[in-house]
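The stops below concern helix packing.

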Amino acid sequence: MLSLPLSQTQRTENSNHSDAIAAIQERFGKQLSVNSTVREQHDHTMTWLTNQPPDAVLTVQDKQEVAAAVDICNQYEMPVNAFGIGSSLEGQLNAPHGGLCIDMHAMNAILQVHNEDLTVTVQPGVTREQLNHYLRDTGLFFPIDPGANASIGGMVATRASGTNAVRYGTMKDVVLALEVVTASGDFVRTGTRAKKSVAGYDLTRLMIGSEGTLGIVTEITLKLFGISECIGSGICHFSSIEDACQAVMLTIQMGLPIARIELLDAMQIKACNQYDNLSLTETPTLFVEFHGTEASVAEQAKLFTDIIEEFGGRDFAWDTNEAERKRLWQARHNAYHASSALRPEASALSTDACVPISRLAECVSETAKDIEASGMIGPIVGHVGDGNFHVLLLVDTKNLEEVTTAEAIIGRLATRAIEMDGTCTGEHGIGQGKQKYMQQEHGNALILMQAVKSALDPKNILNPGKIWPEALSIS
């Protein structure tokens, strides 16, 4: 495995940790585990970064237990972080200084559904698939779909996005209120079920995307949406990535209310064909979905047909058949595993970037050329309707030359996106993996971020070692 910079591989030797764990053990008994296998299951998850397990894992049943555990960690100044499903990709769950991991998976109750207001309140361990299954008979659904069956708490922590973002937004757009346990073990509510408010600072959005560094979320109130009368899905092929991206840009600029528009490059289509036993043409391809009435879906499909023809789009076929739609999107959701299967002996280095829609074609095309010139395998897939795309580099992490090449590609992509007035990550978050780009992207704004961290977590116990290099951290 790869080695992290020294500041991330060093563990803080603190005698208080053993005293804190003893206190937690006395309070929670068998809910606490120090088993090495359990600890290792709660660190790096899906990232390629070096494993850094916590000293102990506590499985909690309710929010009072979360508060009690954080209170003990605060007393002994021991690090603490929260764990949902474990689908993060940038080392957010690693524990570079040891400490306590709070496993939230058992906090998976759906607390309240207000059909008339289109809102729901859930515990953080609820997964997006569980929530939509629960809502299936209400005519409502939760639209944020990052691909993985992530927990809602984890989606809040990383400000998750996904395939529906072009129409329904991201987590920052659908979270109305949070209940959060602060670093001192106290409860704070950040909002109400009202659709809008100008009463004070927007603490809800401060917490969303903070990756567990400002508080641990124990309840989430979400917006829901009505399930459309008609849903149509389809695919179309292009001769080049640039043509496909130009079609996306015009689709968005014309205000077509498309629900999903996903780009898969030729290599990704090849991977999906092999993994899901499909026979799609192995060229850059757009997967699209339209929501509305039967008439409006047909109209959207007709307008989209006119747009793609301008850029050489061909073989556009769409259908409202539910089984076919699920098969199509299952292949898209399997993209990570399908790509990994192209080179099973390699590790998957997943990265993402996001740029203004006007720079999308340029950024994706330059990235594709960079990967091709390097001789590496790196399928591209993206939620291109909002300018976000992903690269999955398949790397032999025991081969230093391959590792160096891959890291250089990731670095150039991050810099390219930032220079295009975009961001080094539109979806995966910073964690440990993208700390090196924070200064370039945010400049002096980092001072404000770190001041907020220092004010809300003065002992730096909440998921330390994340978001910015520790050399910049304010203690």
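Predicted model: local features only at pLDDT ≥ 70, side-chain atom pairs only at ≥ 80, totals over all residues.

To find the pair, select residues 241-253 for H10 and residues 294-310 for H12. Their axes come within 9 Å of each other and cross at roughly 140°. H10 is therefore oblique to H12, since only angles over 145 degrees count as roughly antiparallel.

Now show side chains at this contact. On the H10 side, select Ala247, Leu250 and Thr251. On the H12 side, select Phe304, Ile307, Ile308 and Glu310, which the H10 residues meet. Coloured by class, the contact of H10 with H12 shows 5 nonpolar, 1 polar and 1 charged residues.

The crossing of H10 past H15 is right-handed.

For the side chains here, select Ile241, Glu242, Cys245, Gln246, Val248 and Met249 in H10. Their partners in H15 are Leu360, Ala361, Val364, Ser365 and Ala368. By class, the contact of H10 with H15 has 8 nonpolar, 2 polar and 1 charged residues.

To finish, display H10 with both partners. Leu250 is one of the H10 residues that meet H12, while Met249 is one of those that meet H15.

Technical notes: Residues numbered from 1 in each chain as written. Heavy atoms only, no water. Axes fitted to C-alpha atoms, helices over the stretch in contact; angles between N-to-C directions. Helix = DSSP H or I, 4+ residues; strand = E, 2+ residues; numbered from the N terminus. Parallel < 35°, antiparallel > 145°, perpendicular 65-115°, else oblique. Contact = heavy atoms within 4.5 Å. Nonpolar A, V, L, I, M, F, W, Y, C, P; charged D, E, K, R; others polar. Left-handed = near helix turned anticlockwise from the far one by under 90°.
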